[in-house]
Amino acid sequence: MGMKALVIGAGGVGRAIANIASRRKFISSMVIADRTLARAEEAVVRLKDPRFSAAQVNASELEDIRDLIRKAQPDVVINAVDPRYVMPIFLACEIENTNYIDIASVRSALFI
């Protein structure tokens, strides 16, 4: 059985995560989510990989994130959005008892 992941953010970082993940056999499914569904779909379509799907989420809304976590049932949520959304995503993962990886803070530290 592979790993199920949810990536929040379909910008450059989220697309890079998806591209790398598509080359890894241990990923059984990955949902790429963004506030704009078309942007998430664009990130998924380019992969041509049935393990990947798109979803819409408002990363500033705790309940929206929680709903998506419950639907996707990921083993891990990867935060690939602006650092201002860290707390709603982190709290949603804590409440839903889901593992959390924060790429957003790492990315912003690189630009300091």
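Strand β1 and strand β4 (residues 76-79) pair in the parallel sense over four bridges, where strands count as paired if DSSP finds at least two bridges between them. Helices (H or I, at least four residues) and strands (E, at least two) are DSSP runs, numbered from the N terminus. I8 has N79 as its bridge partner in β4. This is a predicted model, in which local features need pLDDT of at least 70 and side-chain atom pairs count only at pLDDT 80 or more, while totals for chains, interfaces and linings use all residues. Residues are numbered from 1 along each chain as its sequence is written, and side-chain values use heavy atoms, with hydrogens and water left out.

β1 (residues 3-8) also pairs in the parallel sense with strand β2 (residues 27-34), over six bridges. Within this pairing, the bridge partner of K4 in β2 is S29. Between β1 and β2 the chain passes through helix α1 (residues 12-21), and the β-α-β crossover is right-handed; that is, with the strands pointing away from the viewer, the path from the first strand over the helix to the second runs clockwise.

β4 is joined to β5 by four bridges, and the two run parallel. Here V76 stands opposite N99 in β5. Together, β4, α4 and β5 make a right-handed β-α-β unit.

The structure holds one aromatic pair. The ring centres of F90 and Y100 are 5.5 Å apart and the planes stand at 80°, so the pair is edge-to-face. Rings of Phe, Tyr and Trp (its six-membered ring) pair if their centres lie within 6.5 Å, with planes under 30 degrees apart counted as stacked, over 60 as edge-to-face and the rest as tilted. Because F90 lies in helix α4 (residues 86-95) and Y100 in strand β5 (residues 99-102), the pair ties together parts that are 10 residues apart in sequence. F90 is partly exposed at 35% relative accessibility, and Y100 is partly exposed at 22% (buried is under 20%, exposed over 50%, partly exposed in between, with a 1.4 Å probe and protein chains only).

The second largest pocket holds about 190 Å³ of space. Of its 13 lining residues, I17, A21, I27, M30 and I78 are the closest to its centre. A pocket is an open set of points on a 1 Å grid over the protein atoms alone where a 1.4 Å probe fits, with protein on both sides within 12 Å along at least five of seven lines; lining residues have an atom within 4 Å of a point. α1 gives the largest share of this lining, four residues.

Terms used: Points joined across faces, edges and corners; volume = space filled by probe spheres on them.
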